[in-house]
Every structure is written in structure tokens, then in C-alpha cells.
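Subject: Structure for you to look over

Hello,

Please find below the structure I said I would pass on. My notes on it follow.

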Amino acid sequence: MTWVNAVVQGIMLGGLYALFACGLSLMFGVMKVINLAHGDLAVVAAYLALGVVTVTHVPTVWSFVLVVPIFAGVGYLVQRTLIQAALNRGVLTTLLVTFGLSVVIENALQQFLSANSRSLSIGSLVSDSFSIGQITIAYLDLVILVVAVVVLLGLQYFLSSSRNGRLIRAVADDREAAQLSGVNYRHVFGVAAAIAFATVALAGLAFGMYTQFDPTTGTDQLLLYAFEAVVIGGLGSLWGTLAGGILLGVAQQIGAQIHASDQLLAGQLLFLIILVLRPQGITSRRELA
Amino acid sequence: MSSVGQQAEWAGGPVPPAVTDQEPASVRVTRSRRSVLWAGMVAIAGVAVLAYLPYLVYSSTTSLLDQFFLLLIMASMWNLLAGYAGLVSVGQQAFIGLGAYFVVILGMHGLSPFASIPIVTVAGAVIGLVFWWLVSRLRSGYFAITMWVIASVCMLVIIQVSSLGGGTGIAVPGLTQSPKLLSAYTYWVTLVVTVVAIAAIYLLLRSRLGLALTAIRDDETGARSVGARVSSVQRLVFLVAAAGCAAAGALYAIDQQFIVPTAAFSVYFTAEMIFITIIGGIGTIEGPIIGTVVFFVLQQTLSSAGTWYWIVLGLVAIAVAIWAPRGIWGLFADRTGVRLFPVGYWLWPAGADQRGSNPLLRLIGR
């Protein structure tokens, strides 16, 4: 029964990882940019929520109302300035610039907000749970999973049905052709980055409520989790990302069941196995970009 | 780095008489200029002076230089990997950490850390071959983060091995010399590895493979289309960089005398390599040398400022990558035409002595 429990907890955790992964996947799919500062952005969002709660005294859960739009705006600006400038130099420059950004963010957080661990306190909600048989499910975990699914559904609907979504897909498929049809691809890139930043902010808030974070959490854990979920699930498929996140979460929980110190290793070994056996991911049929 | 490439440029004045309507013997191809001769002589004299230093200065000075050379080795290897083969890795700390722990393992079997460096270097290349099998299909960002994951896996595995000290770290065995002698030995070995590493990179880039590498640096697709064996060249470079970083890891272990997994596998090793290379000038041998000097001076002056130092360095690296992608050395070399490590070719009109005349064509003149 402990194994079944591990799988269930892993599925819950998978929602969180999918939430982290979808922004990374979107930016790679549209702009061919792998944002190495992705994890740090999530941590910044969590710190920002702490600040918002301190200033406005709203309940922590509602801090997303401010944090997510701010991040969307910042995402648009960062894309239009820094990342676009790097893109003009070539894809490798985007790696160098986002890596530099990651180091700057991590050290700035340590400088101004100390290296101490923090968490977003949500009172008793963090421990409230219900049981089905011997399996206990925390409400928070379930809410995060539901939020992840809703976000992915919303993103799917946005990309397939809205005007901006169609523009994003057009630019992702063939930038030159889209430009010839009069699309300002830089603006479209900005919109995609805004969405990616908004989702990573949401993921950062969820992570901050789920567990403790500190300035190094972004690079030590979150970036790698997000990337692993994307690769396991396969590029270009939002549902693949959800599946990838869930598989990663299940692998980690099963690893933790074997030995507490095996949790991270199990997830990363699954990633390497998928990379060797099925580099295009479990759901995608496309060749690896 | 295709967008910054400048494979060939006409140097000076109007287009010279067409080369094609003269017999081939009327042009001359050279690789060196006098600045190179000078640079070579200065380098040899410099290394001789550096080798004599332990007799002249306190060990605190030589141990500072140890750190300098360590940075130089790592940055030169990363430059070879990213600047020439187009492989941006954020996981070179995997080889640093493994190199450091190999020294410990060999030391447990009675081998002196100094004697184990060649073995560790070869072991680094062998491990590199295994990792290459994992990552060779991946491109750009995928390659970068997968290397990071691999480094993280290496660290998590080492932490589990209790005989290697687990997460708390372990003292490097076999460093039994007196402190003074140990410091001098460490310095000499570090100097030797540095000279060998730079010389190896220089010879590699001057060889036939170097031509392919420079072509890949400038335009990977183009290089493939003219028949450069891109993947096998990239593999060779990956292995050289793996071996070089493992040797650097061995030196790190000897220098530190006590290693901890989280420090030995820290991504900040790679951050140092990247920032040094970008600021100095990516895709040139001279760039990492200049970059290391700048980085080292900054480190010594700002080290008390802790995190500020990384914030400043990160911002400068971002700015250089976007607005001056060829770094300090690139700006200097463009203005003066000086090359200390010539890996390109100069084409001269017949009969011209090099003094005072302009070459017809500079190939790979970065």
C-alpha cells in the first residue's frame, strides 16, 4: 500500500512539475530559447508574493492576483529587450545571457533577502487532508494539480482558438512565412514570453506554499525538474508535459520510498533512461529539435 | 556563433590584382607574423620565470597563482568546447568533481596525488566518452541542461558513497610533504598542466582538425556542407575538454586538500568558465587568458563583497555577450591585427616581404 501511496503522491507532485515545465516548453517551442533562468524566476515570484502579503495583508493564496500579471508584464519586457537582443546574435547567445541572468538573480536574492529558507504560509491549508482508504491526499496538493490541469487546458484553448494563440503557432512553425504575412514576430515572442513568465510565477507560488525555498532553489532543483518534465513528456505537446511531470513526480516518490536520499536521483535516472531510449519523449513522434 | 563569424576579409585598400589569372606560385601562404615570434619568446621566458618563482616568493603568492592557472585551464577548455565546437555546456563541473574524487580514490590505493594526474586526465576522457554517448544527439539548449543534469547525477551518486565521505567531504590522502614543499610542488604541477593544456589546444587548432573546428565555429551547417566531419570533430573536442577539466579537478583537489561534493560539483565552476571566456573573447585562444586576468583582478579586489562580485560579473558578461560578442581580445585584435596564437592563414602577393606590406587575404582572421 505504501507503493500505491507513493504513486498517488507522485501524481500530485507531477502537477506542480508540469506547471514549471509548460513555460519552459512554450519558450523553447516558439522562440527556440531555453531559458536557464527559468527556475530562478519561480523563486523570485515566491519572494514577490511574500512581499505582496507583507504590504497588502491579503491572504497568501490571493497574492497571485498581483504577482502573475506583474510577471507577465516583466516577461514581455525581458523578451522584447534582453532576450530579443541575444536572439539577434544567435541561439547560443541566449544560453549565455539567460545563464548570466540566473547567476545575477540568485546572488541578488542572497544579497538583499539573505540565504535563509522561507515559505509562503497558508495556515492550516498546508496540512489539511482527506483519506481514501489508507491513502491520504493533502488538499493543497490536489488544488495544485487541478490548477496545473486548468492552466494547461487554458493554454491549449488559447493556442488553438484565440487570435494571439494562432499567431504564436504560426510564428513557431515558420517565422519567415508569418513575417511575410505581416506578423510582427517580436511582439508575438513577447506575448509568448509573457504567458511563460505568468505560468512560472504561478508555479513559483505553488512551490512556495508546498515547501520551503531559498535563493539557490531555482538552479539546484526547479530548472532541472522543469527541463526533465519537458524531455520526458516530449516537446510540442502540453499533455506530454503533464505526463512528463507526473512520471517525474512518481519516479521521485518511488525513489524516496526506497531511501530518502534516492528521491532526486530516481527522477534524474528516469530522465537519462528516457533520453537514451526515447529522446523524442514518451508522447511526441517528432524528431528532437 | 555563426552570426559573429567573419571567415575571410580583404585586408587593406582596393581589391588586389585577381589571383586567378596568375600562376599559383605568385602568392605565398604564411601562418606566422613577427608578433608571433615575439609572443613565443615572451611566453617561454615567462614560463621560465614562473617556474623559478617558488624560490623567490612566499607560498601565499604561488597559491594565488595556483588559483589563477586553475581558472585559466578551465576557461580555455570551455572556450574550446563552446567557442570552436559550438557546444555550450553548463555541466563541466561534472568533470571537475569527478577528477577531484578520482584523485581521492587513487590516493586510497596508495598513489600520490601528483602522480595520479595523468591517470585522472585519461579517466576524464573515458568518462567523457560515456557522457558523449548520452548527449551527442542533443543540440544547443538541450545539450547545455542535460550536461547540468549529468553533473547533478554525478554529485548525487558520490554523496551516496560513504567510503568517499558522503555529503560531508573527505581529506585528500597522500599529501604528506612539508607545507613549503607541498606548496611548491602544487605550483609546479599546476604550471605544467596549464602549459600542456594551452599548448594542446593551440596544436589542435593549428592541425587539420583546427580548420574544421574554425569552420564549425563560424557556420556549422556550412561546415557540414563542405565536408567537415562535424560530429567526430565535436566528439574529439568534447573528450579533450573532459580530460582537461578532469585534470583541473585533480589540481583543485590537491590545492584544497579537502573536498566536499557540493563544492566540487558546483555549477559556479562553469559560471567562472563562461564569464571568463565571454569577457575575454570567445573563439580565440587569447580570449580566456585576458579574461582570466580580468576575472582574477576583480576577484581579488571584490572578494570581500561576496555576492556583489557575482552580480557585477554576471551583468558584465550579459552586456559583453550582447553588445561586444567577441570580448576584450576581439576588440583589441580587430584594431591591431595582432595574433599571439596564429591558427589562421595569411595570403601574400608574390615577392612581398611581410614587413610593411598588407596581406592579400586573411583567412580565419579572428
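In β2(A), Ile135(A) is the bridge partner of Ile132(A). Please keep in mind that this is a predicted model.

That pair belongs to a hairpin in chain A. Strand β1 (residues 129-132) of chain A and strand β2 (residues 135-138) of chain A run antiparallel and are joined by four bridges. Two residues lie between the strands of this hairpin, and Gly133(A) has a positive phi there, near 60°.

Helix α9 (residues 217-233) of chain A consists of 17 residues. From first C-alpha to last, α9(A) reaches 23 Å, close to the 24 Å expected at 1.5 Å a residue. Of the 17 residues of α9(A), 15 are buried, so the helix is largely enclosed by the rest of the structure. After α9(A) comes Gly234(A), with a positive phi near 105°.

The other helix is α8 (residues 185-210) of chain A, where His187(A) is found. The C-alpha atom of His187(A) is 10.0 Å from that of Leu167(A), and the two residues are 20 apart along the chain.

Now to chain B. Chain B contains 14 helices and six strands. It has 366 residues, of which 46% count as buried. When contacts in chain B between residues at least 6 apart in sequence are taken, 79% of them join residues at least 24 apart.

One helix of chain B can be followed into its surroundings. In helix α7 (residues 208-218) of chain B, the buried residues include Ala212(B), Leu213(B), Ile216(B) and Asp218(B). What do the buried residues of α7(B) pack against? Their partners are α2 (59-84), α6 (179-206), α8 (220-225) and α9 (230-256) of chain B.

Last, the place where the chains meet. Contacts link 35 residues of chain B with 36 residues of chain A. On the side of chain B that touches chain A, the elements giving two or more residues are α5 (140-160), α11 (267-280) and α13 (307-323) of chain B. Which of them gives the largest share? It is α5(B), with eleven residues. By type, the residues on this side of chain B are 24 nonpolar, ten polar and one charged.

Regards

Notes. Residues are numbered from 1 along each chain as its sequence is written. Chains are lettered from A and ligands numbered from 1 in the order in which they are written. This is a predicted model: local features need pLDDT of at least 70, side-chain atom pairs count only at pLDDT 80 or more; totals for chains, interfaces and linings use all residues. A residue is buried if 20 or more other C-beta atoms lie within 10 Å of its own, exposed if 12 or fewer, and partly exposed in between; C-beta atoms are placed from the backbone. Two residues are in contact if their C-beta atoms, placed from the backbone, lie within 7 Å. Two strands pair if DSSP finds at least two bridges between them. Ala, Val, Leu, Ile, Met, Phe, Trp, Tyr, Cys and Pro count as nonpolar, Asp, Glu, Lys and Arg as charged, and the others, Gly among them, as polar. The expected span of a helix is 1.5 Å times one less than its number of residues.
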